[in-house]
Amino acid sequence: MSSSYLPATTESIAQALEAKTPSGAISILYRVLENPSSAPDALRIKEQAITNLSDLLRQENRAEELRSFLTQLRSFFALIPKAKTAKIVRGIIDDVAKIPGTSDLQISLCKEVVQWTRAEKRTFLRQRVEAKLAALLMENKEYPEALNLLSGLIKEVRRLDDKLLLVDINLLESKLHFSLRNLPKAKASLTAARTAANAIYVPPAQQGNIDLQSGILHAEEKDYKTAYSYFFEAFEAFNALEDPRAVFSLKYMLLCKIMVSQADDVAGIISSKAGLQYVGPELDAMKAVADAHSKRSLKLFETALRDFRAQLEEDPIIHRHLSSLYDTLLEQNLCRLIEPFSRVEIAHIAELIELPVDHVEKKLSQMILDKKFAGTLDQGAGCLVIFDDPKADAIYPATLETISNIGKVVDSLYVRSAKIMT
């Protein structure tokens, strides 16, 4: 920083905008902020300088400098209203978040800000920064720490009855519980978020978030039709806002269609007016999976998983459901292949299905234990022995039904005799 400050005027801001290099503009803005004047006009110009400087540092990917810049501004925050302070602090934290590879820096920055807000008794700002910190901890997979932070924050926000923040926190808590595979608590937190959201106006982006989480939880319970309707609502909200999350909502809609064996609808949805806006690797991946499912081809399925690894394997929601779909397809194919045989070599089945022998053997043993078919593995000979399905003897169900009917007759006679006696 230069030792000579510049006047806090619009001319100084214009000078920064006209600078030939970002470094020159940054230097000018720092000199504007060094101006000791605390006149209302000067403070207003400094607020503009802070916003411009934060944007420039973000564009230059100078995350550490943004962090130290926020610390330097603490003396300035004493001169302006708390609401403006909160806006500036959250803006700088958001700018740091836009710089790639700064998750650890964001966490430490949020922790510093939380300590400062506690010391300064800035409750409004602290609660929002703590909610942001919990979200960052969740992204970093530090789930227990994030839950501990949220549990205390929820109690505090409920007392203040800040409904909008309560919606954010409950939704975040639902995502945390879902990540920990605790579905009952995830549903309870989502219900709490919906209850709070019904009492106030919720921005469309936040409503889209709620619908997206609802769809994910319903899909987890295998209720794909309801999940589809929620994903569709989320897609419409994000699409109207041109939010990048729209493509994920659309992707999950296609997943639901595949999971309910309506893979033929996938091409129609992608070629629709709304779908064409998002054509790319994400939708191509789902189309490849839908084609494999329609043809009941494990080879095509594995090719899709390999070609679109980033879109399928690295998305935890998609990966979980596709694993289930793969198992179902494998079972259906194996049942179809072994149907003509009473005894068959496992190596022959593996050759027909084009999968490793040990993988096929493991799956067959699992299917026998799950009673998908009657049979046994002769590992010495490397064969699968299939038994005929045992025919159910009709005499036992008929006997049980007769005894049940006799019981009803006896009960009826007892009731009649009781009436006669009285």
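Arg 181 itself lies in the loop between H10 and helix H11 (183-198). The model described here is predicted.

**Packing of H8 against H10**

- The crossing in which H8 passes H10 is left-handed.
- On the H8 side, the contact involves Gln 127, Arg 128, Ala 131, Ala 134, Ala 135 and Met 138; on the H10 side, Leu 165, Ile 169, Leu 172, Lys 175 and Leu 176 take part.
- Sorted by class, the residues of this contact between H8 and H10 comprise 8 nonpolar, 1 polar and 2 charged.

**Packing of H10 against H12**

- H10 contributes Val 167, Asp 168, Leu 171, Ser 174, Lys 175 and Phe 178 to the contact, while H12 contributes Gln 206, Asn 209, Ile 210, Gln 213, Ile 216, Leu 217 and Glu 220.
- The class count for the contact of H10 with H12 is 6 nonpolar, 4 polar and 3 charged residues.
- Lys 175 of H10 is listed in the contact with H8 and also in the contact with H12.

**Loop residues with positive phi**

- Arg 181, in the loop between H10 and H11, has a positive phi of about 65° although it is not a glycine.
- The relative accessibility of Arg 181 is 41%, so this residue counts as partly exposed.
- Glu 242 is located in the loop between helix H13 (224-240) and helix H14 (246-259).
- The phi of Glu 242 is near 55°, which is a positive value in a residue other than glycine.
- With a relative accessibility of 70%, Glu 242 counts as exposed.

- Asn 35 is situated in the loop between helix H2 (22-33) and helix H3 (40-59).
- The relative accessible area of Asn 35 is 10%, so the residue is buried.
- When neighbours within four places in sequence are left aside, the contacts of Asn 35 are Tyr 5, Leu 6, Pro 7, Ala 8 and Lys 46.
- Glu 282 belongs to helix H17 (residues 281-294).
- Between Glu 282 and Arg 245 there are 37 residues of sequence separation, and their C-alpha atoms are 12 Å apart in space.
- Again leaving aside neighbours within four places in sequence, Glu 282 is in contact with Val 247, Phe 248, Lys 251 and Gln 311.

**Cysteines**

- The structure contains 0 disulfides.
- Cys 335 is in no disulfide, and the nearest cysteine sulfur, which belongs to Cys 383, is 18 Å away.
- Cys 110 is buried, with a relative accessible area of 0%.

Definitions and conventions. Residues numbered from 1 in each chain as written. Predicted model: local features only at pLDDT ≥ 70, side-chain atom pairs only at ≥ 80, totals over all residues. Heavy atoms only, no water. Left-handed = near helix turned anticlockwise from the far one by under 90°. Helix = DSSP H or I, 4+ residues; strand = E, 2+ residues; numbered from the N terminus. Contact = heavy atoms within 4.5 Å. Nonpolar A, V, L, I, M, F, W, Y, C, P; charged D, E, K, R; others polar. Buried < 20%, exposed > 50% of the residue type's maximum accessible area, 1.4 Å probe, protein only. Disulfide = S-S within 2.5 Å.
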